[in-house]
Amino acid sequence: MKIGIVGGGAIGLTFAAALARAHDVVVLVRRPELAALLARDGIALVRDDGVEIVRCFAASDPAALGGRDALIVAVKAYATSAALAPLAGILPPHALVASVQNGIDFAADARAALPHARIAAGSTTQGAIGMGPGRVRPAGAGTTVFARDDAAAPSSDALAGACTACGLPATAVDDIRPVLWRKLAINAALNPLGALARRSNGEVASDPDLAPLARRAAEEAAAVAAAEGIVLDDPWAAVEAAARATAANRNSMLQDLDAGRPTEIDAIAGALVRCAHARAIPVPLTETLLHLVRARERA
Ligand SMILES: NC(=O)C1=CN([C@@H]2O[C@H](COP(=O)(O)OP(=O)(O)OC[C@H]3O[C@@H](n4cnc5c(N)ncnc54)[C@H](OP(=O)(O)O)[C@@H]3O)[C@@H](O)[C@H]2O)C=CC1
Ligand SMILES: CC(C)(CO)C(=O)C(=O)O
């Protein structure tokens with residue numbers, strides 16, 4: 001399969017390195033110097049027992065994605081429109097544009113940027129930590145789920161099969177919304193609190209001050225999900241399970257704040273607050289966390 005990876009950060013390079021073993025992969029990056037570095041040195045997969053170099057083609061010119069059958073979008077949620085809009089007129093009509101982003105707005109953002117493309121939202125629990133340009137440490141095996149689209153080839157099942165065969169287990173499902181909302185509830189509970197209190201995921205879920213707040217944030221997310229017709233059974237159990245599985249992790253929002261980068265707060269708490277307002281559901285804690293993280297981003 002001719003696969004394009006949009007975004008050469010932690011998760012993009014993880015998928016690119018895995019898929020490049022069996023497929024024709026092009027990574028679209030934002031900065032020409034990163035494209036040059038990847039072309040020269042390859043992707044460096046950093047593991048405890050050493051560094052593995054994986055070769056693949058990288059470019060900063062969107063034209064490099066012409067002729068791709070499928071894209072996996074791995075930019076931060078706030079960069080979807082900027083990353084995809086230049087691809088209009090470049091992608092072939094049959095191309096499948098899938099995502100592994102956090103948040104629930106990928107389909108709408110991608111559809112606005114590429115009105116004629118086949119869009120498949122998705123989500124992953126695969127972990128990856130950026131170790132500098134072109135270098136990534138795979139951090140914990142997870143699973144990836146794509147929205148099913150079998151209207152043309154390649155289908156989402158075929159893309160998921162390609163990921164699985166390359167060591168990144170993936171499936172396609174008819175209704176992606178419960179998957180996206182479950183991850184949203186986990187991120188809404190752990191990320192802002194961990195980022196503001198500067199604590200690991202395990203600490204957020206066990207600290208006597210933070211855990212009750214995380215639980216309330218998860219319950220607010222579940223209430224909004226319910227109004228959207230999506231039942232999230234025991235959202236706190238889902239948060240606790242995610243916190244256990246990633247106990248030592250400093251969540252991505254905390255890492256972004258520490259690095260002076262924008263966070264995905266708008267794609268997480270912001271998206272929840274927008275849905276809650278539209279359905280007149282009170283989410284006072286999520287709103288408070290949204291404002292606090294935004295203010296912290298500006299500090
Ligand atoms: N890392 C992880 O373990 C997980 C991440 N995710 C999700 O995956 C998504 C990606 O996360 P992650 O890889 O960690 O983030 P990173 O910040 O490591 O990578 C994002 C990359 O996107 C690039 N980018 C930004 N704008 C563009 C553009 N217009 N064109 C091409 N590339 C662009 C950035 O380049 P530049 O540096 O030049 O700005 C950066 O390299 C997020 O939604 C995240 O929530 C989900 C599960 C786990
Ligand atoms: C699940 C969690 C909280 C793992 O760190 C995550 O998705 C993130 O950090 O954004």
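Start by selecting asparagine 102 and ligand 1: a polar side-chain atom of asparagine 102 sits 2.9 Å from an oxygen atom of ligand 1. The protein covers 80% of the 900 Å² of accessible area that ligand 1 has on its own (areas come from the Shrake-Rupley method with a 1.4 Å probe, and for residues only the protein chains shown count as cover).

Before you go on, know that this is a predicted model, where local features need pLDDT of at least 70, side-chain atom pairs count only at pLDDT 80 or more, and totals for chains, interfaces and linings use all residues. Residues are numbered from 1 along each chain as its sequence is written, chains are lettered from A and ligands numbered from 1 in the order in which they are written, and side-chain values use heavy atoms, with hydrogens and water left out.

**Stop 1: around ligand 1**

Stay on ligand 1 and pick arginine 31, where an N or O atom of the side chain is 2.7 Å from a ligand 1 oxygen. Then click glutamate 264: one of its polar side-chain atoms lies 2.6 Å from an oxygen of ligand 1.

Now show the whole shell. It holds 24 residues, with Ile11, Arg31, Asn102, Ala128 and Glu264 the closest (a residue is near a molecule if one of its heavy atoms lies within 4 Å of it). Colour helices H1 (10-19) and H3 (80-84), and you'll find that each gives at least two residues to this shell (helices are DSSP runs of H or I, at least four residues, and strands are runs of E, at least two, numbered from the N terminus).

**Stop 2: ligand 2**

Asn102 is also one of the residues around ligand 2, along with Lys183, Asn187, Asn191, Asn201, Asn249, Asn251 and Ser252.

By itself ligand 2 exposes 280 Å², and the protein buries 84% of that.

**Stop 3: aspartate 149**

Last, go to the loop between strand S12 (144-147) and helix H5 (156-165), where you'll find aspartate 149. Is aspartate 149 buried or exposed? It's buried, because its relative accessible area is 14% (buried is under 20%, exposed over 50%, partly exposed in between, with a 1.4 Å probe and protein chains only).

Conventions: A polar contact is a pair of N or O atoms within 3.5 Å; within protein, one must be able to donate a hydrogen and the other to accept it, and residues adjacent in sequence count only if both atoms are side-chain atoms.
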